[in-house]
Amino acid sequence: MGVLFAFLHVLNAREVKTQEVFFLIVLFSTLLGILNACKIPESDLEVYKLWYEDVAHYSFLDYLFYLGKEPLFFLYNYLMYYLTFGFFELYLILNTAICYTIMGYALLKMHKAFKLPNEYFLIGLIFLFFFPNLFTLSAHINRQFLASSLLVLFIVDFVFYSKKRIALLLSTIFIHTSSAIYVLLFFLRKLNSNRWTIFLVSLIFIIVSYFLNQISRLFSIQSIDNSNAINYGLSRIQNREGAIEFETLGILSYALCLFVVLVFYWLKQRWRSNNRAILLYISLFILTFITVNYFDTELASRFSFFMYFLFPISLYFFLKLIELKKFWFDRKATVLFFLLIFGYWFTYKIIYGVWEYENIERVIFTGFWK
């Protein structure tokens, strides 16, 4: 009820302070964290639970290089273990709240750069918090979720404020190695964004994606261990037989990826700045990589996950593209419509989705601590 009333206040108030919006973001993020804490550990979540509990059995330096890669994540885990007093459920609450707060704050910064009507921002916020495809994986691929949350903030600062937060980008790589693809931003930022350039860049993306497996075959599988991030990545590319089997990326998920690319193409055409094509190029690369590796279910699923983070940003500009006020009599009523639809979808996916939750009804209706 606190989240709902805070949302309605931001929707209806004539003048809303930034602190009030940020408070809503923190409240909403904490609620999602409480829901995540009710997940019954399975699959990747069991692994993260083991890593978390192993903090008590390792020295600081030994734990920092627990896997020989991504030490910043294990530093984060180490600190979080003692901040949450060794309670894994509390860790899930705090970690989820931190990640969603970072993304909500990034969306707020983007909104302040464009100053579109507040209703556009609130609908984007609804999609961010109530998009079940994003939430259902928020605890199960913990490292990628944390890294991607920071990447959203990096992208907003870089694209909309021209701030090159190199330290922030590097930190995401040491949290989850796949974030290294965003280094492409610095190679592409000065390219002209005419149609021929976009075509040539797309062709390069296709070639790189297609030959990724073939190039990795130049290395001997026997000579590769997992002692560092590069070797680990090569071994995962080569040895696909041991990978987790995911369902084939559905047509709706693929359509979402295509939607993001098309909106960013429109944004590049309409909005002029030095970094106007960055969002287009990075989303185009992910779409190309997913397309080429469509039947490699793990690669396709894990990289499509990056698009879920870009979806609320693209939606914000899509609402401007279609001129929302021309199609809807009342923008506030439109916000409530999206809140009801996505709220229902989100609740349905929690109750009938893939993951199992413990005492979820008690959390929603009587309070987590009762």
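Colleague: What makes Leu72, Ile166, Leu170 and Phe174 a nonpolar surface patch?

Modeller: In this predicted model, these four residues make a nonpolar surface patch of about 330 Å². A residue of a patch must have over 30% relative accessible area. Phe174 has 44%, so Phe174 passes that cut-off. Phe is also among the side chains that count as nonpolar.

Colleague: What makes the contact of Lys49 and Glu53 a salt bridge?

Modeller: A side-chain nitrogen of Lys must come within 4 Å of a carboxyl oxygen of Glu. For Lys49 and Glu53 the distance is 2.6 Å, N to O, so the pair meets the definition. The two residues are four residues apart in helix H3 (residues 44-53), which means that about one helical turn separates them. Lys49, at 24% relative accessibility, and Glu53, at 34%, are partly exposed, because both values fall between the cut-offs of 20% and 50%.

Colleague: How do you know whether Lys69 and Glu70 are buried or exposed?

Modeller: Buried means under 20% relative accessible area. Lys69 has a relative accessibility of 5%, and Glu70 has a relative accessible area of 5%, so both residues are buried. Their side chains also form a salt bridge, at 3.0 Å from N to O; this distance is within 4 Å, so the term applies.

Colleague: What makes Lys109 and Asp157 a salt bridge, and how far apart are their closest N and O atoms?

Modeller: The closest N and O atoms are 2.5 Å apart. That is within the 4 Å cut-off, so Lys109 and Asp157 form a salt bridge. The pair links distant parts of the chain, with Lys109 in helix H6 (residues 88-114) and Asp157 in helix H9 (residues 142-161), 48 residues apart. Both residues are buried. Elsewhere, Lys69, Glu70 and Arg143 belong to one network, joined by salt bridges that share partners. The search of the whole structure finds five salt bridges.

Colleague: Why is Ser149 called buried?

Modeller: Its relative accessible area is 0%, which is under 20%, so Ser149 is buried. Ser149 lies in helix H9. Leaving out residues up to four places away in sequence, Ser149 touches Cys99, Ile102, Met103 and Phe309. To be counted here, heavy atoms must lie within 4.5 Å.

Colleague: How do you know that Cys99 is buried, and how many disulfides does the search find?

Modeller: Cys99 has a relative accessibility of 0%, under the 20% cut-off, and is therefore buried. A disulfide needs a pair of cysteine sulfur atoms within 2.5 Å, and the search of the whole structure finds zero disulfides.

Colleague: Why does Lys112 count as partly exposed, whereas Lys268 is called buried?

Modeller: Lys112 is at 39% relative accessibility, between 20% and 50%, so Lys112 is partly exposed. Lys268 has 2%, under 20%, so Lys268 is buried. Lys112 is found in helix H6, and Lys268 in helix H15 (residues 251-270). Apart from neighbours within four places in sequence, Lys112 is in contact with Thr18 and Tyr161.

Colleague: Where is confidence lowest, and where is it highest?

Modeller: The mean pLDDT is lowest in helix H14 (residues 229-238), at 45, and highest in helix H5 (residues 71-83), at 94. Over residues 219-246 the pLDDT is below 50, and this stretch has 42 contacts in the model beyond near neighbours in sequence. For the chain, the mean pLDDT is 79, and 76% of the residues reach 70 or more.

Colleague: How many helices and strands does the chain have, and what share of its residues is buried?

Modeller: The chain has 20 helices and zero strands. Of its 370 residues, 52% are buried. The chain exposes about 18,500 Å², of which carbon and sulfur atoms supply 65%.

Key. Residues are numbered from 1 along each chain as its sequence is written. This is a predicted model: local features need pLDDT of at least 70, side-chain atom pairs count only at pLDDT 80 or more; totals for chains, interfaces and linings use all residues. Side-chain values use heavy atoms; hydrogens and water are left out. Buried means under 20% relative accessible area, exposed over 50%, partly exposed in between (1.4 Å probe, protein chains only). Patches are made of residues with over 30% relative accessible area and no salt bridge: like charges are joined within 9 Å, nonpolar side chains (Val, Leu, Ile, Met, Phe, Trp, Tyr) within 5 Å. Accessible areas come from the Shrake-Rupley method with a 1.4 Å probe; for residues, only the protein chains shown count as cover. pLDDT is the predictor's confidence in each residue, from 0 to 100.
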